[in-house]
Amino acid sequence: MPRVKLPRKSTSIDMTAMCDVAFLLLSFFILTTKFKPSEALAVVTPSSVSSKAAESKDVVLVTIDPNGKVFFSVSDDAPKKEIIEAVNTSRNLGLTAGEIANLSSTNIPFIGVPFSQVKSLASKTKDDFKSGVNWPGIPVLDTLNNELTDWVAAAVAAFQGQKMALQVKGDNNAKYPSFQAVIRAFKKNDQMKFQMITNAEGVPEGTELYKKNMSNMAAGKAPSAE
Amino acid sequence: MAEMDTSGGGGHKKGPGVKKGKKLSTRVDLTPMVDLGFLLITFFIFTTTMSQPTAMKLNLPKDTDKPEEQNKAKESGALTLLLGGKDMVYYYEGILKPDGSNFKSTTFKDVRDVILTKKRSTNPNDFVVVIKANPDATYKNTVDILDEMTINDVKRYALVDIFDVENQLIKVTEGSAGK
């Protein structure tokens, strides 16, 4: 046995540099993280095998909550003010300029009330939109008075022919009549193409779509699930 | 490793009023801080990818009320799927017979087989699936059926309103099954 053990040299490394790198990376990720907008409407969407990502610009979104109540909202870059003004004129809501301004701002993320209550909606603030608030929803079930038709008509007019992404985000447990009424409102406004927001789901193996995707991938094309 | 040297570096002398004469060397071990840093980075890496909107979209085909679109489906090639409450699916091929003899029921898992058998046995030009939902069906049922259309590569399908006759049949079947 060697009697002389090698003298242990000190292996202390200066960790400062590594610490700097770690914090730089951390700052990068903190700044690039986009948090999901906390939603006042809790909607669990069904899953589907579609693989196209949903649009996020110029979006007109109709949400159906588990109780079948219908809500109308638009993305931030949409002409919200014009929509409110159009509805104000067509339905004689008597909104003042201040109320219109508040309704078009981010204080009011969605409309979930009948036309008769829109005026009182204008005085609400962001805090009134916490989750769990019981909104009456836009009345759609009565075929003679489908208020969503007016909202969609206002949106179509406000967009003035520009490309508008109509989206429907429904909860799993929402019953079919609400969805049917939403489709009717779209049809009345001649909006035949719309998208339904769903969660991603893997294509089941052995099915036609699976085989189609496999052959597309082999040919170098993108998966064709629409 | 960096160490905390408190072994009284430098001669200490007890001067007047000086309690601590020891010079503490302030070498702090930075390893735990780096660990924390990396933990936080990993956290943010994972949450950044997860917050990407995983929303997908389903495009419904154009619904036209024009008669020329409606009459193109041959009876023999038509499969009608009726969505009822409690995740039940009823179906019949062709036209509903007056005595309801071809009215069958199935579940969502088996409906894929039903669609496939019908698809294989008919001419692709004639094959059309008609989807009707009664008021008890949920949104999830509707989206799942539309999904099945995409999964099974059904080129022609339509979402239409249910007939009263069919709705009656569903109610009767549900009632008699004791659900």
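1. Helices (H or I, at least four residues) and strands (E, at least two) are DSSP runs, numbered from the N terminus. On that basis chain B has five helices and five strands, which follow the pattern α-α-β-β-β-α-β-α-β-α along the sequence. Chain A has seven helices and six strands, and its elements run α-β-β-β-α-α-α-α-β-α-β-β-α from the N terminus.

2. This is a predicted model, in which local features need pLDDT of at least 70 and side-chain atom pairs count only at pLDDT 80 or more, whereas totals for chains, interfaces and linings use all residues. Residues are numbered from 1 along each chain as its sequence is written, and chains are lettered from A and ligands numbered from 1 in the order in which they are written.

3. The confidence deserves a separate remark, pLDDT being the predictor's confidence in each residue, from 0 to 100. Chain B averages 71, and 64% of its residues score at least 70. Within chain B, the lowest mean, 48, belongs to helix H2 (residues 67–70), and the highest, 83, to strand S4 (residues 128–133). The model as a whole scores ipTM 0.70 and pTM 0.68.

4. A residue is called buried if 20 or more other C-beta atoms lie within 10 Å of its own, exposed if 12 or fewer, and partly exposed in between, with C-beta atoms placed from the backbone. By this criterion 31% of the 226 residues of chain A are buried, and 26% of the 179 residues of chain B. Two residues are in contact if their C-beta atoms, placed from the backbone, lie within 7 Å. Of the contacts in chain A between residues at least 6 apart in sequence, 67% join residues at least 24 apart; in chain B, 61% of the contacts with a separation of 6 or more are between residues 24 or more positions apart.

5. Strands are taken to pair if DSSP finds at least two bridges between them. In chain A, strand S2 (residues 59–64) pairs with strand S4 (residues 165–170) in the parallel sense over six bridges, and A:Leu61 stands opposite A:Gln167 there. S2(A) is also joined, antiparallel and through five bridges, to strand S3 (residues 70–74), where A:Val70 is the bridge partner of A:Ile64. The hairpin of S2(A) and S3(A) has five residues between the strands, and A:Gly68 takes a positive phi near 90° in it.

6. A nonpolar core is a set of buried Ala, Val, Leu, Ile, Met, Phe, Trp, Tyr and Cys residues joined through C-beta atoms within 7 Å. The largest has 64 residues, of which A:Leu148, A:Ala155, A:Val182 and B:Leu81 touch the most other members. Leaving aside neighbours within four places in sequence, the contacts of A:Val182 include A:Val62, A:Ile64, A:Val70 and A:Leu148.

7. In chain B, S4(B) and strand S5 (residues 157–160) pair in the parallel sense over four bridges, with B:Val129 opposite B:Tyr157.
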